[in-house]
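I opened the model to look up its salt bridges. My notes follow.

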Amino acid sequence: MSLLVFVHIANEGPCVLGRVLQEHGHKLRQVRLYAGEPVPPDLDDIDGIISMGGPMNVDEADQHPWMKDELACLKRAHDTKVPIIGICLGAQLIAAALGGEVTAMAAPEVGWAPVRQAFPGTIDTLHSGIAWNTTQVHMHGQEVTKLPPDGVPLSGSKQCRIQSYKVGLTTYAYQYHFEWSRKDIEAMAHIPFVTQAGGNAEEILKQASLYYEGYRRVGDRLCENIAEYLFVK
């Protein structure tokens with residue numbers, strides 16, 4: 001399958017998810033929106049879409065000219081049942097594109113924290129083989145506060161009620177980062193947002209020694225499920 005990957009900032013590409021998808025024979029076409037590459041005008045030869053993370057917010061379209069075009073593309077893809085995965089900002093963009101709501105959190109969620117699956121998540125094919133309670137990496141100051149029509153919550157956390165959700169059968173969104181390698185986490189722990197949000201890079205890396213092995217095992221399973229069950233050849 002030919003998968004379109006929207007990359008909003010240089011250091012947030014598809015990471016482990018991209019590698020797994022390629023290992024399964026999928027072809028990735030990255031669109032570097034931060035570098036001025038345009039959103040495709042149509043979905044010709046596009047079998048799926050992945051929308052990655054980024055430091056911008058969904059209400060900042062005036063600062064990021066590509067955002068309006070991406071929102072329209074996500075809506076068009078969903079309406080035509082082109083499979084979609086959104087991660088962090090990508091999850092928020094999906095919500096905004098499909099009629100949900102995204103607002104600022106009372107306090108940002110940064111670092112390692114537990115995520116618990118809601119009942120629909122425990123029976124969803126994409127979550128097959130994934131424990132009901134996992135520890136994930138978080139790095140966001142906004143959250144989806146209202147799901148789009150027909151949206152179904154898949155998981156949540158103490159600080160963020162909607163950590164993952166689906167809309168219809170082929171659109172999935174994850175607020176947490178399941179796609180990062182240890183090297184990615186080490187790099188992201190030192191971005192300015194972490195300290196601005198009250199986080200601590202040393203603490204994030206210290207906790208990585210405790211949580212990373214289990215985190216990557218769960219993340220790899222989710223990546224495999226996405227490659228095999230969502231982006232079906």
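**Salt-bridge notes**

I began with Lys166, which counts as buried at 13% relative accessibility. I take buried as under 20% relative accessible area, exposed as over 50%, and partly exposed as in between (1.4 Å probe, protein chains only). This is a predicted model: local features need pLDDT of at least 70, side-chain atom pairs count only at pLDDT 80 or more, and totals for chains, interfaces and linings use all residues. Residues are numbered from 1 along each chain as its sequence is written, and side-chain values use heavy atoms, with hydrogens and water left out.

Which residue does Lys166 form a salt bridge with? I found Asp124, with the closest N and O atoms 2.9 Å apart. A salt bridge here is a side-chain nitrogen of Lys or Arg within 4 Å of a carboxyl oxygen of Asp or Glu. The pair links distant parts of the chain, 42 residues apart. Lys166 sits in strand β8 (residues 164-167), and Asp124 in the loop between α4 (119-122) and β6 (133-146). Helices (H or I, at least four residues) and strands (E, at least two) are DSSP runs, numbered from the N terminus. Asp124 is buried too, at 8%.

I then checked helix α7 (residues 201-230), where Arg216 and Asp220 are four residues apart, about one helical turn. Their salt bridge has its closest N and O atoms 2.8 Å apart. Arg216 is buried at 8%; Asp220 is partly exposed at 28%.

In helix α2 (residues 66-79), Lys75 and Asp79 are also four residues apart. I noted their salt bridge at 2.6 Å, N to O. Lys75 is partly exposed at 35%, and Asp79 is partly exposed at 43%.

For the record, the structure holds four salt bridges.
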